Amino acid sequence: MEGGAAGVHGHRHVDESALDDEKSMLANDPGGMLRATASAGAQVREAAALAAETDLSMISDEGRPRAVVVAGIGTAGLTGSILSTVAGPRCPVPIIGHRSPGLPGWVGAADVVIAVSASGRSPEALAAAEAAARRGARLVAVGNPDSELEAMAARARAPFFPVPRRAPARASLWGLAVPVLLAARAIGLVKVNEADLAETATRLDADAERCRPGADSFVNPAKALALGLAGSIPIVWGSSPLATVAARRFADTLAANARYPVMAGALGEAGRGRVGLLDGVFGGLAESSRDIFADPDADDDGSAATRLRLVLFRDGGLNPEEDADEPVAVEERRADAVQTLAERRGVRCDVLTAEGGSALERLASLTAVPDFASLYLALAHGLDPMAVPAISEMKELSNPLPEGMQ
Ligand SMILES: O=P(O)(O)OC[C@H]1O[C@](O)(CO)[C@@H](O)[C@@H]1O
């Protein structure tokens with residue numbers, strides 16, 4: 001049945017066969033989200049090349065700042081979390097993500113502000129750039145060339161990293177994140193080198209190849225992950241700070257692309273509270289009352305059973321001990337423990353384990369497959385993964401009418 005409001009087309013039940021036909025999948029993705037997501041590796045290379053042409057002496061000459069504020073919302077805001085995790089727990093300068101318009105009151109001339117916006121016009125990034133310039137903070141701007149943000153950076157004589165526009169912003173994660181990292185490198189906060197960038201891009205390319213629309217579900221990890229999640233309430237927990245950034249990204253893309261409600265967070269925190277969900281109505285109770293001979297997708301009344309599905313992002317013990325806040329062995333034991341808990345209660349669990357040497361590559365290894373999975377889940381429900389009318393409707397309803405139209 002077609003459903004939804006405001007021009008949303010889709011169906012509640014998942015159609016697995018929709019993922020078998022490459023041609024119809026591409027037709028159901030008119031905005032080209034599959035293609036844009038496959039460009040992640042290219043985005044890393046392109047951003048690194050464009051960044052090499054940006055003069056950063058203005059921010060690097062003044063040495064180490066008191067703090068770095070990464071200002072932006074949505075995907076742009078996530079770049080602040082990526083910077084924090086790549087800088088690691090030993091970073092000598094606080095890195096603060098700021099997701100509302102303007103800047104915290106304490107930000108001033110001793111600080112660096114990185115304003116990020118894919119469109120170059122989010123009120124959050126623009127107000128932060130404006131406040132940074134007014135308060136004499138060192139400003140760097142990242143986003144759409146020929147935008148208001150670029151003009152603002154030019155007026156403030158601040159470096160600007162152009163990120164060629166790929167709508168929507170969530171399809172530009174890598175194009176936005178790399179300039180933020182390179183700006184932080186210029187002030188000595190991260191050690192990302194050219195080899196890390198090249199290896200990260202290569203890994204993103206290889207994952208895009210494994211997850212390509214033409215690869216069948218039994219060899220395509222993203223289609224398999226999507227079909228496993230179908231009809232469930234996903235819970236996505238990360239075993240380490242880096243894995244938690246990837247978990248939150250998956251929650252963002254599952255919500256925006258596939259319109260699934262997701263709970264995401266750090267396993268350390270969840271283990272002290274939310275892990276109780278595994279026992280509840282959608283967890284152990286749903287599993288223990290399930291008739292094993294019944295259609296796995298149908299309840300007594302014929303409707304789909306709603307159950308939790310745990311997706312565990314593990315850092316794989318690759319975090320160097322001396323760099324970690326807590327011993328890797330503790331993270332690993334906690335991840336093993338939650339898998340055991342899920343197993344004991346019959347809650348299904350997918351595990352994604354990070355691979356690669358650098359923090360950036362490990363993060364990439366935990367985002368590529370899930371990014372594609374969110375698209376396949378949307379397509380299996382007949383949803384256009386790009387168009388989110390609720391966001392425009394929300395903006396329309398919450399923005400004041402222009403002068404003269406009240
Ligand atoms: O990166 P931008 O263009 O500032 O947008 C911020 C956020 O707003 C949205 O465009 C929604 O309006 C998101 O897709 C995005 O992450």
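Predicted model: local features only at pLDDT ≥ 70, side-chain atom pairs only at ≥ 80, totals over all residues.
1. Strand β3 (residues 112-117) and strand β4 (residues 138-143) are joined in parallel by six bridges. Here, helices (H or I, at least four residues) and strands (E, at least two) are DSSP runs, numbered from the N terminus. Two strands are said to pair if DSSP finds at least two bridges between them. Across this pairing, valine 113 is found opposite leucine 139 of β4, and valine 112 is found opposite arginine 138 of β4.

2. Residues are numbered from 1 along each chain as its sequence is written, and side-chain values use heavy atoms, with hydrogens and water left out.

3. On its other pairing, β3 is joined to strand β1 (residues 68-71) by four bridges, and these strands run parallel. Alanine 71 faces alanine 115 of β3 in this pairing. How many of the residues of β3 are buried? Six of its six residues are buried, and the strand is mostly covered. The term buried means under 20% relative accessible area, exposed means over 50%, and partly exposed lies in between (1.4 Å probe, protein chains only). Val112, Ile114 and Val116 point one way from β3, whereas Val113, Ala115 and Ser117 point the other way.

4. These strands belong to an open sheet of five strands, with parallel pairing and the order β2-β1-β3-β4-β5. Because β2 (95-98) and β5 (160-162) are at the edges and have a single partner strand each, one side of each lacks a neighbour in the sheet. From one strand to the next, the twist averages 15°. Angles run from 0 to 180 degrees between N-to-C directions, and axes are lines fitted to C-alpha atoms, for helices over the stretch in contact.

5. Which residues are around the ligand? They are Ile73, Gly74, Thr75, Ala76, Ser117, Ala118, Ser119, Ser122, Ala169, Ile391 and Lys395; a residue is listed if one of its heavy atoms lies within 4 Å of the molecule. An oxygen atom of the ligand is 2.6 Å from an N or O atom in the side chain of serine 117. For the side chain of lysine 395, the distance from an N or O atom to a ligand oxygen atom is 2.5 Å. A polar backbone atom of alanine 118 is 2.7 Å from an oxygen atom of the ligand. On its own the ligand has 380 Å² of accessible area, of which the protein covers 80%. Accessible areas come from the Shrake-Rupley method with a 1.4 Å probe; for residues, only the protein chains shown count as cover.

6. A further open sheet has four strands in the order β7-β6-β8-β9, with parallel pairing. The edge strands are β7 (263-266) and β9 (348-353), each with a single partner strand, so one side of each has no neighbour in the sheet. Neighbouring strands of this sheet are turned against each other by 15° on average, direction ignored.

7. Strand β6 (residues 233-238) pairs with β7 in the parallel sense over four bridges, and with β8 in the parallel sense over six bridges. Isoleucine 235 is opposite methionine 263 of β7, glycine 238 has alanine 266 of β7 as its bridge partner, and isoleucine 233 is opposite leucine 308 of β8. Strand β6 is largely enclosed by the rest of the structure, because five of its six residues are buried.

8. Helix α11 (residues 241-258) lies across β6, β7 and β8 (308-314) and runs at about 170° to β7. Helix α14 (residues 328-345) lies across β6, β8 and β9 and runs at about 160° to β8.

9. Is arginine 309 buried or exposed? Arginine 309, in strand β8, counts as buried, at 13% relative accessibility. Beyond residues up to four places away in sequence, arginine 309 touches several residues, including Ile233, Ile235, Arg348 and Asp350; contact means heavy atoms within 4.5 Å.

10. Serine 374 is placed in helix α16 (residues 368-380) and is buried, with a relative accessible area of 0%. A polar atom of the serine 374 side chain lies 2.7 Å from the backbone oxygen of aspartate 371.

How values were computed: Polar contact = N/O pair within 3.5 Å; in protein donor to acceptor, adjacent residues only side chain to side chain.
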